[in-house]
Amino acid sequence: MENLLSNPYFATAAYYAVTGLGMILFLIVFELVTRYRVWEEMKKGNIAVAMATGGKVFGVANIFRFSIEQHDSIGQALIWGSFGYLLLLISYFIFEFMTPSFQVDVEIERGNRAVGFLAMVISVGFSYVIGASLTL
């Protein structure tokens with residue numbers, strides 16, 4: 001396998017496939033932990049849900065970008081990227097906890113763009129911190 005990864009075309013395709021499958025899995029987990037149904041809300045045109053979900057997609061991709069850059073094997077990149085995803089998920093729960101005056105999921109489901117935007121920025125922002133930490 002290591003010999004195959006020395007081919008830049010194969011390595012790119014392999015990292016792309018692994019990250020793509022991870023992205024699908026991680027989005028399923030996010031769907032399970034939110035109170036709203038992401039894809040149903042987006043079909044309705046809920047911009048707040050689209051922003052929050054877009055931030056999560058960007059965040060996960062960014063974490064994997066850092067992980068791929070800093071680790072020598074697909075296995076290491078997947079393990080560290082998954083750990084980074086777990087930290088991103090925890091960040092989402094902390095955001096929910098830090099807003100006791102309203103429920104983040106309820107506001108996003110209602111289409112509150114301000115909350116959706118903040119959820120997006122939190123996911124993107126923490127992805128940089130988490131990703132940079134994976135290199136230590």
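Here are a few notes on this predicted model, from the overall fold down to one lysine.

1. The C-alpha atoms fill a box of roughly 55 × 30 × 20 Å along the principal axes.

2. Of the contacts with a separation of 6 or more, 69% are between residues 24 or more positions apart.

3. The helix pair I'd look at is helix 4 (residues 47-70) with helix 5 (residues 74-97). They pack at an angle of about 145°, and their axes are 9 Å apart. Helix 4 passes helix 5 in a right-handed crossing.

4. Who touches whom here? From helix 4, the contact takes in Lys56, Gly59, Val60, Ile63, Phe64, Ser67 and Ile68. Helix 5 brings residues including Trp80, Gly81, Gly84, Tyr85, Leu88 and Tyr92. Sorted by class, the contact has ten nonpolar, six polar and one charged residues.

5. Now for Lys56, which sits in helix 4. Is Lys56 buried or exposed? Lys56 is buried, and it has no salt bridge. The nearest side chain of opposite charge is Asp105, at 5.9 Å, and a salt bridge needs the nitrogen within 4 Å of a carboxyl oxygen.

6. What surrounds Lys56, then? Setting aside neighbours within four places in sequence, Lys56 is in contact with Phe30, Thr34, Tyr36, Leu88, Tyr92 and Ser123. Among them, Leu88 and Tyr92 belong to the helix 5 side of the packing described above.

Notes: Residues numbered from 1 in each chain as written. Predicted model: local features only at pLDDT ≥ 70, side-chain atom pairs only at ≥ 80, totals over all residues. Heavy atoms only, no water. Axes fitted to C-alpha atoms, helices over the stretch in contact; angles between N-to-C directions. Helix = DSSP H or I, 4+ residues; strand = E, 2+ residues; numbered from the N terminus. Left-handed = near helix turned anticlockwise from the far one by under 90°. Contact = heavy atoms within 4.5 Å. Nonpolar A, V, L, I, M, F, W, Y, C, P; charged D, E, K, R; others polar. Buried < 20%, exposed > 50% of the residue type's maximum accessible area, 1.4 Å probe, protein only. Lys, Arg positive; Asp, Glu negative; His and termini not counted.
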